[in-house]
Amino acid sequence: MSTFDTGHVFEAKKLSYDYPGGIAALKKLSFAIGAGELVALVGANGSGKSTLLKLMDGLIFPTGGELLALGQSLSENAFKSGEFRLDFRRRVGLVFQDADVQLFSPTVWDEVTFGPLQLGISKNEVVSRGQEVLQLLGLAHLKERPPYLLSGGEKKKVSLASVLSLHPQVLLLDEPTTGLDPWSQGNLIDFLLQWADKDKCLVFSTQDLDIVEEIASRVIIIGAEHNIVADGKPEDFLSDPDLLLRTNLVHEHSHRHKDLVHRHPHVHEHHHND
Amino acid sequence: MHIPDGYLSPATCGTMYAVSLPFWFVAIRKVKQVLTTRTVPILAIFAAFSFVLMMFNVPIPGGTTAHAVGATLLAIVLGPWAAVLGVSVALGIQALFFGDGGLLTFGTNCFNMAIVMPLVGYFVYKVISANSDVKSPRRTLGAVIGSYMGIIAASGVAGIELGLQPGLFHAVNGTPLYAPYGLSVAVPAMLIAHLAVAGPVEAVVSGGVVAYLQRAHPSLIKAGAVGTKEGKLWILWGTLGVLALAAPVGLLASGTAWGEWGVDELQTMGLGFIPKGLQTLYRWWPAPLPDYGFPRMGAVIGYIMSAVLGMAVIAFLVWMLGRRLVRRTSPAAQVASQQEHTG
Amino acid sequence: MTGEGFLTKNISGITHTLESVIVAEDLCRAPGLLQRLDPRAKVVTFALFIVTVGLARSFWPLSAIFALILAVTAASRISMGFFLKRIFLFIPIFTLVIAIPALFVTPGSPLVTMASKVIITEQGARTAGLLFLRVTDSMSFGVLLILTTRWTSVLAALRWLRMPSLLVDILGMTYRYIFLLLHSTNSMFLARRSRTLGSFSSNENRRWLTRALGTTMVKSRHLSEDVYLAMLSRGYQGETRVLNDFKMEYRDFLWVAFALVAVSVAIWSNRL
C-alpha cells in the first residue's frame, strides 16, 4: 500500500460551493489535512458538512476556490482520466449518512464485493476481501440477506463494510454514529481507532461532541455562516462554551432557583488523563 | 390491462415482442445519451415508483377502486423514453413476481402500457401545454387530458390484440383457442372500461400529482427533458403516429356490421365481461363472433395485422429520418441537464 | 367508500406484497428439486414450457403439463396449499369471469340444452377450458421460477442470456428500491391512519393520495441522485461487473433433456 507521496492528503484553498440555484453551502474554506490525522467536522444541521465530504470524495466539484486531494486538484476534468479516477476511488472511501442510499445491491455479499469488482480487482481477491470484511465487522451470518431485511445498525455496518473492502487509505464518514445505540457506537469508535494509523487518514462529520473527544486529534468547526469558525485541537475549543453557543452546537439551558435564574450552556466537560 | 398468458397466441406474442424491440432499443440509446451513467439509478428508482404507483387503489365513484399506471406522469417528469423503460421494468417485475401480466405476453403489455401510453400521453401533453410556464394550469390540463388519451389508446390497442385472436387462431371446428371474443366485443369492452373507469383514475392521479409538483417542486417538471426534441418536428412526428394508429380502427368500423345474431337469448346474462361494475355493457351486448368461415374476413383481418406492423415500421423509419433532420439539443440545454444535482 | 376502507385496502395490499416476497426468499433455500437446478437451465426450460403451453391445441397436453407442474412443486418442498393459493388467487379467477360468458356465447354444436334452447355449446366449453388451463399452466411456471430461484440468480441468468446489462442492472436495483418505497409508503398510510378519528370522503382520500404520490416522487428523485453518487464513490463506471459462479451439473443436463422430451411430445400431440 503506497503512502502519500505529497505532503497533504487534503488541501482546501478558499473552497466554496453553491447549490444549483445559487444558495451557498460552503464559503471560502481553507484547511490542510495530513496523513495520520483523525479529523472531526463539527457543525450544526445545514452547515454543509455532508457537502464538504462529498467534495472531498470528488463526487461534486467546487464552484469557487480549489480543493486538492492526494496532490491533485479535484475537478470534472481531473476525473476524466481513467487512471486517476481508479486510483482515487480505490484510495478514498465515503460512508454516506443514509445507509439505504449506499445499499443498492440485492444482497449484503453483492454490496461488499461491488467496490472491488468495479475497480477491476481479480475475482479471487474480490472474494477473499469480501469474506475478510464480513468477518471483521461480524456480518458473516448476513451474507445472503437483502438490505431491506436488515436492522438500522446492521445497515450501517454493511455500509461501512462495503467501503472497507476497497482497502482505502482515506476514510470519510458522514455522521457515522447517528442512530446507533450506545453499545454499537462504542464498537464503531473502537474499530475506527484501530483502523487508523500513520499512513491513513480519517475524516468524519458529527454533531455529537462526545465522539469528537474520543476519536479526533483535530476538530474543524463550521459555523452557521458556512465558513470555518475554528480549527485545531479538540481540547482548545470544546471547553469554550461561548464558541459552542455561537455555532449552535449547544443550547442554552436555564433553570430557576426561586427568584434566581441560572443560565448556562449545556455542555459536558470531560477530563482525560492520558 | 395486464394481459395474462393464454389470452394471446404465441404468434401474436412474438409479433408484439418484435414490434416493441425497436422502441426499447431507441429508448435505451436516448436515455443513455442524456442520463449517461446516471441512467441506472434514476430509472431503477422511477421504475420502483411506477410499480408502487400501480399498487395504489384509488377510490372511484361507484364504491370500488381502480389503479393508475402512471406512464404519462413518468413521461412528464422524466421524458417519454425514460418512461418507456421505467414502465417496462415495473411491468417486468409485476409479471415475474406477482403474475400480473404473463411472460409471453410481456412484449404485448409493454407495447400497450409502456410504449403506446407514454408516447401518446406525452405527445398530447406537449401539444396542450406547449411552452407554457412550468406552473401554468395548461400543464395540469395537459397532464389530465394526455394521460386520459394515453390510457384510452393503450386499451384500444389491447382490445384489438385480444379481438383478433378468435378470428386468426381457432381449431378446425371453430373453437377459439385463445381469447374468445372477437373485435366487435373486445375493443368496445376495453374502451368502455377505460373511458369510464380506469381513464378517469389515471387522469385524476396524473393531474393531481402534476398540480402538487407545480406548487411544491416545480423543478421536477422542467426536468422532463430526456430525449425530447423541442419544436415543430415533434408535433409532425406525433401526428403521423396518431394517424397510423387510427387507420386500423377505421377499418374496424366497416367490420362490425357482420355477424349480427339474434340477441334475445344472450340477454339473460348477468355476468360481467370485465369486472368492476360494467353492467351497462350487457344492455347492448352485440353478437360476439362473426362467422369464421366467412372468406372476406380473413383478408381484412390480415390487412389490419399488417397495418399494425406497418405502423411500427413507419414510426421507426420516421424516427430515423427525424434524427437526420433535427438539430441536436442546444449547448445551454445540455449544461442545464447536467446541473441536476440537488446538493 | 369510507376513509377506513381506502386506507386498509392499500395498507394491507402493500404489507401483503412485502410479506409474500419474504416468504419466497425462504423457499429459495429449501433443499428441493427445483431449487437445486442451475438458474439458467430453469429460465430456459420454463420459457420453453410456456411457449409449449401457448401452442397446445387440446386439453390433454395442457393437463399433462399441469400434472407435471404439481409433481415438480411437491418435489421442491413447496406446500401444495401455498402454491395453489398463489396461483388461483389472482388471474384464474379473473379468467373464469371472462371464460364463463364464452361458454354461453360461442356459437357451435350444442352441448347442454334447456327447454329446447341451446345454452352451452361444445365450442364454448372448449374455449373456456382451454383458456383457463393455459393461463393456469403459464402462471405456474412463472410462480415456480420465483419461488425456487434467488432473484440475483434470475438476473444473472438473464445476463448470461445476453440481456443488455443496463436492463439487468435496472431490474436488480428496481427490485431493491421497490421495498424502500413500499416501506415509506406504508409508513405514510399508517401515520395517516393513526391520526384519523372518523373517516374521509373519497375526494379527501384522492387529494391525500395525490399529495402522497407527489412526495414519494420527489423522494424518489433525491434518492436516485444520492444512490448515483454512492455508486460513483465506489468506482461505478457505467457497466456493472459481477461475480458469476454458474456450473451446469449432471442433474441440470438431465432436467434440460427431460424438458425437451416433454415439450416435443406436447407439440407433436398437436398434430393428432
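Which residue in E4(A) is the bridge partner of Glu11(A)? The partner is Leu68(A), and the rest of this briefing walks through the strands, helices and contacts around that pair.

Keep in mind that this is a predicted model, where local features need pLDDT of at least 70, side-chain atom pairs count only at pLDDT 80 or more, and totals for chains, interfaces and linings use all residues. Residues are numbered from 1 along each chain as its sequence is written, while chains are lettered from A and ligands numbered from 1 in the order in which they are written.

**The sheet in chain A**

- Helices (H or I, at least four residues) and strands (E, at least two) are DSSP runs, numbered from the N terminus, and two strands pair if DSSP finds at least two bridges between them.
- Strands of a sheet pair through backbone hydrogen bonds, either parallel or antiparallel.
- Take strand E1 (residues 8-18) of chain A: with strand E2 (residues 24-34) of chain A, the pairing is antiparallel and runs over seven bridges.
- Along that pair, His8(A) sits opposite Gly34(A), and Ala12(A) sits opposite Phe31(A).
- The hairpin of E1(A) and E2(A) has five residues between the strands, and there Gly21(A) takes a positive phi near 115°.
- E1(A) also pairs with strand E4 (residues 64-69) of chain A, again in the antiparallel sense, over five bridges.
- Put together, you get an open sheet of four strands in chain A, in the order E2-E1-E4-E5 with antiparallel pairing.
- E2 and strand E5 (72-73) of chain A are at the edges with a single partner strand each, so one side of each has no neighbour in the sheet.

**Chain B: a helix and some confidence scores**

- H2(B) is mostly covered, with 16 of its 17 residues buried (20 or more other C-beta atoms within 10 Å of a residue's own; exposed means 12 or fewer, partly exposed is in between, and C-beta atoms are placed from the backbone).
- pLDDT is the predictor's confidence in each residue, from 0 to 100; chain B averages 69, and 62% of its residues reach 70 or more.

**Chain C**

- Chain C has 10 helices and two strands, running α-α-α-α-α-β-β-α-α-α-α-α from the N terminus on.
- Of its 272 residues, 43% count as buried.
- Among contacts in chain C with a separation of 6 or more, 77% come from residues 24 or more positions apart.
- The domain assignment, which is automatic or from a database, gives chain C domain 1 (1-22 + 151-236) and domain 2 (29-149 + 243-267).
- Where these two domains touch, domain 1 of chain C gives six residues and domain 2 of chain C gives seven.
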